[in-house]
Amino acid sequence: MSTTMSIRIGIDVGGTFTDFLVIYPDGSRRIHKTSSVPSDPPQAVLNGLRELADLEGTTVEEFVDRIGMIVHGTTVTTNALLTRRGPKTAMLVTEGFRDVLPMRHGTREDGYDNLLAMPEPLAPRHLRLPIEGRMDYQGEEVTPLDEDGVRAAAATLREQGVESVAISFMHSHANAAHEQRAAELLRELLPDVYLTESAELLGQARYYERSSAAVLNSYAGPIISSYLTTLTGLLEEVRFGGLLLMMQSNGGVATPDQLARRAALSLLSGPASGPTAGLLVTAEHGWDSCLTVDMGGTSFDAAAVKGGKPLVMTDGSIDRWSLALPSVDIHTIGAGGGSIASVDEGGLLSVGPQSAGAVPGPACYGRGGDRPTTTDADVVLGYLDPDSFLNGQMQLDKKAAEEAIRRDVAEPLGISVLEAAAGIYEMVNVSMASGVRDITVRRGLDPRDFPIVVAGGAGPVHAAAIAGELDIPVLITPRDSSIFCAAGMLVCDFKHDYVQSANDRLDSLDLDGLVHTWKAMAEEGRATLHGEGVGDDAISFEPSLDLRYKGQWYELGIPLDATMLDAPDVAAIASAFHAEHELLFGYHSDEMPIDVLNVRLSAVGRTSDERIDLSSEVPVDKPARPARREIWSPAQKAMVEVDVHQGTSMGPGTRLSGPAVIELGTTTIVVLDQYDCVVDRSGSFVMYLRERAAEIEAQLNL
């Protein structure tokens with residue numbers, strides 16, 4: 001089925017809501033939200049498709065028959081890892097290195113916290129089995145693999161009921177023969193067990209990082225495989241015959257088969273499409289850099305886009321374990337609409353990371369939740385209208401919100417309910433501003449230089465306050481803000497990453513060998529993309545090198561131009577490294593030798609030439625006279641009466657001054673006192689500091 005003549009759907013399964021963005025062949029779109037089903041996440045996908053079919057007055061089979069492509073993101077593996085509801089996982093390690101996971105780098109994350117407990121390894125010690133056999137750092141065999149030892153280990157794992165195994169041997173990045181043979185034996189003896197070979201997943205030096213990534217992959221493998229089996233089964237029931245693609249943490253998409261093999265790429269994939277969606281919004285004004293913030297019901301995600309590409313990290317971690325696979329650099333904190341507020345024994349207010357989630361949800365949802373949350377505070381402060389929440393599909397209970405805040409926050413602190421709600425609001429805003437600082441300042445970036453693109457159902461309520469904390473002058477809230485990641489999924493390309501360790505000096509690097517390495521990676525990437533149905537004319541490659549000054553511990557990933565694939569330019573590579581080092585650390589040294597640690601290549605396959613066009617005609621309802629209601633003004637420290645505008649009646653060019661509220665059905669934009677707002681040509685709401693209006697408006701394409 002041609003995806004250009006059929007419906008395309010982006011589906012983002014969150015902790016509280018599952019978001020749908022439906023793009024019709026004529027370019028029109030429909031936004032839909034349905035409650036997530038934490039006990040059976042794929043069910044929310046089917047529920048949403050049924051609801052969409054009902055809205056169109058057709059059967060789900062007839063509706064699904066018109067769908068050419070579904071791009072889907074899920075946090076199911078992340079949630080299972082964080083709550084330790086995953087499979088029984090084991091590990092084969094080189095003899096003498098049984099404790100590679102708990103030893104990690106040999107240091108604590110926080111050197112000054114003597115009470116910091118070690119995280120519990122996903123593969124417990126009695127399931128980390130040492131195997132005799134050794135390669136040296138150059139890939140030469142020192143000790144043969146003990147195949148009988150592997151067979152004995154397989155018998156032990158069978159007795160223990162192990163469901164997944166990671167194989168990680170010393171120096172396998174230089175020669176993977178021992179890992180490959182051990183995997184062959186395990187596949188014969190334990191055919192139903194999920195297997196990860198560390199060098200196949202992450203062919204680079206550093207034993208702990210490679211081992212940790214392999215264990216994470218094996219832990220996530222059965223979870224995502226089961227999820228995909230259930231999901232594809234549900235889609236087959238309603239006769240879906242289109243293309244199903246899954247979001248990866250590297251910011252690209254892949255087929256379910258590819259993601260099941262490299263399951264760890266699903267661990268940070270939930271918000272990975274947000275930065276790509278941010279570019280859609282800022283491109284309208286000619287900006288190729290931005291910050292994206294996405295506040296949903298459970299978490300807050302911040303990311304940076306620079307030079308037209310999301311920033312990618314290769315030193316990421318999840319639940320305090322190294323992931324090391326290329327991932328979009330997203331800072332996530334437990335601060336969402338459902339984050340629970342509480343007062344500790346010392347009388348200190350905290351908000352999150354515990355969340356009320358979808359069930360039972362905030363107190364105001366009336367689903368049995370009785371703990372005060374950020375959303376409850378937003379209702380008490382007048383930011384959310386109990387009658388128009390989610391287009392009126394859900395009635396909020398303001399009295400329940402007030403009662404929860406009174407009991408758990410106001411009375412313990414000896415303050416009024418209104419003051420307590422304002423405290424919750426300010427507390428969560430400071431936490432989120434700190435998250436934005438983390439994503440920028442540690443990269444040598446000044447957050448004041450970037451516009452913020454605001455997403456998530458709760459994001460636009462808090463965005464102006466976050467920007468105020470950071471002195472950021474411009475915020476853009478797209479009309480599709482509440483389903484932002486779902487929109488981003490529909491413009492993400494196929495992406496597969498390859499890495500090979502090196503141990504060379506840049507000035508004496510074998511350039512022919514480098515070209516040969518890149519070409520071998522490119523052929524592997526091309527074959528994978530062909531298997532996903534991508535033609536040669538839609539394939540491109542992005543080379544990079546991990547470099548550091550001699551004697552340094554950490555390296556920097558330096559992206560390179562595609563022309564380097566055939567003709568590497570050592571002087572240009574060195575210059576790019578010096579510039580990046582200067583940006584991050586405030587100095588560089590032209591005389592210092594540069595080490596090459598890893599050779600990398602990303603193979604990118606364009607998913608479609610038909611992109612979502614955010615500058616298409618914006619449907620505008622007949623302007624309605626603004627309603628009035630009281631909201632909390634942080635500047636005036638009081639409730640003030642403001643205009644409440646219907647966002648659907650605000651066409652391009654419409655302006656207003658804060659304080660004010662704009663309601664969009666699936667989200668609410670709070671315009672604080674010091675901001676003005678204008679609707680741009682694509683229908684996005686651009687908020688900016690009034691004192692800098694002339695300067696900022698000159699940069700906007702209105």
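## Paired strands

I452 stands opposite L475 in strand β24, and the two strands concerned, β23 (residues 452-455) and β24, pair in the parallel sense over two bridges. Strands here are DSSP runs of E with at least two residues, helices are runs of H or I with at least four, and both are numbered from the N terminus; two strands pair if DSSP finds at least two bridges between them. The structure is a predicted model, in which local features need pLDDT of at least 70 and side-chain atom pairs count only at pLDDT 80 or more, while totals for chains, interfaces and linings use all residues. Residues are numbered from 1 along each chain as its sequence is written, and side-chain values use heavy atoms, with hydrogens and water left out.

In a regular strand the side chains alternate between the two faces of the sheet. From strand β24 (residues 474-477), V474 and I476 point one way and L475 and T477 the other way, and all are buried, where buried means under 20% relative accessible area, exposed over 50%, and partly exposed in between (1.4 Å probe, protein chains only). Strand β33 (residues 668-671) is likewise covered on both faces, with T668 and V670 buried on one side and I669 and V671 buried on the other. Strands β32 and β33 pair in the antiparallel sense over four bridges, and V661 has V670 of β33 as its bridge partner. Four residues lie between the strands of this hairpin, in which G665 takes a positive phi near 85°.

## Nonpolar cores

The largest nonpolar core has 73 residues, of which F300, V671 and Y675 touch the most other members; such a core is a set of buried Ala, Val, Leu, Ile, Met, Phe, Trp, Tyr and Cys residues joined through side-chain atoms within 4.5 Å. Helix α13 (residues 417-441) supplies the largest share of this core, namely ten residues. Apart from this core lies another, of 62 residues, with V13, L81, Y208 and A263 among them.

Leaving out residues up to four places away in sequence, Y675 touches a set of residues that includes A464, I472, P473, L475, M687 and Y688, contact being defined by heavy atoms within 4.5 Å.

## A buried aspartate and a buried serine

D294 lies in strand β13 (residues 290-295). The side chain of D294 does reach the backbone nitrogen of G456, at 3.4 Å. When its neighbours within four places in sequence are left aside, D294 is in contact with S299, F300, D301, A455, G456 and C485.

S211 is found in helix α8 (residues 207-237) and counts as buried because its relative accessibility is 0%. The side chain of S211 reaches the backbone oxygen of Y207 at 2.8 Å, a polar contact being a pair of N or O atoms within 3.5 Å in which, within protein, one must be able to donate a hydrogen and the other to accept it, with residues adjacent in sequence counted only if both atoms are side-chain atoms. Not counting residues up to four places away in sequence, S211 touches M91, V100, L101 and S168.

## Salt bridges

Side chains of opposite charge can pair when their charged atoms come close. The structure holds 33 salt bridges, each defined by a side-chain nitrogen of Lys or Arg within 4 Å of a carboxyl oxygen of Asp or Glu. One of them joins K309 to E542, with the closest N and O atoms 3.8 Å apart. Because K309 lies in strand β15 (residues 309-310) and E542 in strand β26 (residues 539-549), the pair ties together parts that are 233 residues apart in sequence. K309 is partly exposed at 47% relative accessibility, and E542 is partly exposed at 27%.

R629 and E663 also meet through their side chains in a salt bridge, at 2.8 Å from N to O. R629 belongs to strand β29 (residues 627-633) and E663 to strand β32 (residues 660-663), so this pair ties together parts that are 34 residues apart in sequence. R629 counts as buried at 15% relative accessibility, and E663 is buried with a relative accessible area of 6%. In the salt bridge between R692 and E695, where the N to O distance is 2.8 Å, R692 is partly exposed at 29% relative accessibility and E695 is partly exposed with a relative accessible area of 40%. Elsewhere, salt bridges that share partners join E147, D148, R151, R181 and E184 into one network.
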